[in-house]
Amino acid sequence: MKYIAVILMVFLSGCSYLQKRYAQKPEIDLAQIYFQDTTALSTTMVFVLSVKNPNKIDLNVEEMAYEIQLDGKEFAKARTEKKTKIPAGETAKVEVPLPVNFLKAIGGIAKVLGGEDVGYQIDGSAKVSGFTIPFNEKGQFNMNGLKK
């Protein structure tokens, strides 16, 4: 039994070493936002992300699931299975569609358009090259900050 514990510790420390040595966090910037499929009650916001892969291996984004809340209320929720390859050492565009129901989001949208601070939370996960990576981001958003 002691041998199994030692082997497990060596394996886990090796995985940690490999992750630090070879797996670097991609750099992500918002390149563009556009709207599609807009009706009186809903639209789909498409966030075009510029993703730089600093790793020595390609990253294959297989699927993403995510939910955005504004002021503690669901703003939008989606899942996409659009596969995208981000070549090693290169930058690629990744489109992230976000369906928005105006009735669910009216309070948050009114605050954003009025220039007020709005709390947001983004929760989700991405399946990248066979691994599921959870993500979570919280913060404050203010439309006035975009005008500067």
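At 14% relative accessibility, Ser50 is classed as buried in this predicted model, because the limit for a buried residue is under 20%. Ser50 belongs to strand β2. Leaving aside residues up to four places away in sequence, the contacts of Ser50 are Glu27, Ile28, Asp29, Ala31, Thr91, Ala92 and Lys93. Among these contacts is Ala31, and strand β1 spans residues 27-36.

Strand β2, residues 42-52, is joined to β6 by 11 bridges, and the two run antiparallel. Within this pairing, Val48 has Glu95 of β6 as its bridge partner. In general, the strands of a sheet pair through backbone hydrogen bonds, in either a parallel or an antiparallel sense.

Strand β1 also contains Ile33. Ile33 is partly exposed, with a relative accessibility of 38%. Together with Leu30 and Phe35, Ile33 forms a nonpolar patch on the surface, and the accessible area of the three residues together is about 300 Å².

For the protein as a whole, three helices and eight strands are assigned. Along the sequence, these elements follow the pattern α-β-β-β-β-β-β-α-β-β-α. Of the 148 residues, 24% are buried. The accessible surface amounts to about 10500 Å², and carbon and sulfur atoms contribute 60% of this area. Among contacts with a separation of 6 or more, 57% are between residues 24 or more positions apart.

Further antiparallel pairing involves strands β3, β7 and β8. Strand β3 (residues 59-70) and strand β7 (residues 118-128) run antiparallel and are joined by nine bridges. Here Leu70 is placed opposite Tyr120 of β7. Strand β7 also pairs with strand β8 (residues 131-141), in the antiparallel sense and over 11 bridges. In that pairing Gln121 lies opposite Lys138 of β8. A hairpin is formed by β7 and β8, with two residues between the strands, and Ser129 in the turn has a positive phi of about 50°.

Strand β4, which spans residues 73-80, includes Phe75. The relative accessible area of Phe75 is 12%, and the residue is therefore buried. Between the C-alpha atoms of Phe75 and Ile122 the separation is 10.0 Å, although the two residues are 47 residues apart along the chain.

Charged side chains were examined next. Side chains of opposite charge can pair when their charged atoms come close. The count of salt bridges in the model is four. One of them joins Lys85 to Asp58, with 3.2 Å between the closest N and O atoms. Lys85 is in strand β5 (residues 84-86) and Asp58 is in the loop between β2 and β3, so this pair ties together parts that are 27 residues apart in sequence. Asp58 is partly exposed, at a relative accessible area of 30%.

A salt bridge is also formed by the side chains of Glu62 and Lys127, with an N to O distance of 4.0 Å. This pair links strand β3, which holds Glu62, to strand β7, which holds Lys127, and the two residues are 65 residues apart. Lys127 has a relative accessibility of 31% and is partly exposed.

Another salt bridge is found between Glu63 and Arg79, whose closest N and O atoms are 2.8 Å apart. Glu63 lies in strand β3 and Arg79 in strand β4, so that distant parts of the chain, 16 residues apart, are linked by the pair. Glu63 is partly exposed, with a relative accessible area of 23%, whereas Arg79 is exposed, with a value of 53%. Both residues take part in a network of salt bridges that also includes Glu81.

Key:
Residues are numbered from 1 along each chain as its sequence is written. This is a predicted model: local features need pLDDT of at least 70, side-chain atom pairs count only at pLDDT 80 or more; totals for chains, interfaces and linings use all residues. Side-chain values use heavy atoms; hydrogens and water are left out. Helices (H or I, at least four residues) and strands (E, at least two) are DSSP runs, numbered from the N terminus. Buried means under 20% relative accessible area, exposed over 50%, partly exposed in between (1.4 Å probe, protein chains only). Patches are made of residues with over 30% relative accessible area and no salt bridge: like charges are joined within 9 Å, nonpolar side chains (Val, Leu, Ile, Met, Phe, Trp, Tyr) within 5 Å. Accessible areas come from the Shrake-Rupley method with a 1.4 Å probe; for residues, only the protein chains shown count as cover. Two strands pair if DSSP finds at least two bridges between them. Contact means heavy atoms within 4.5 Å.
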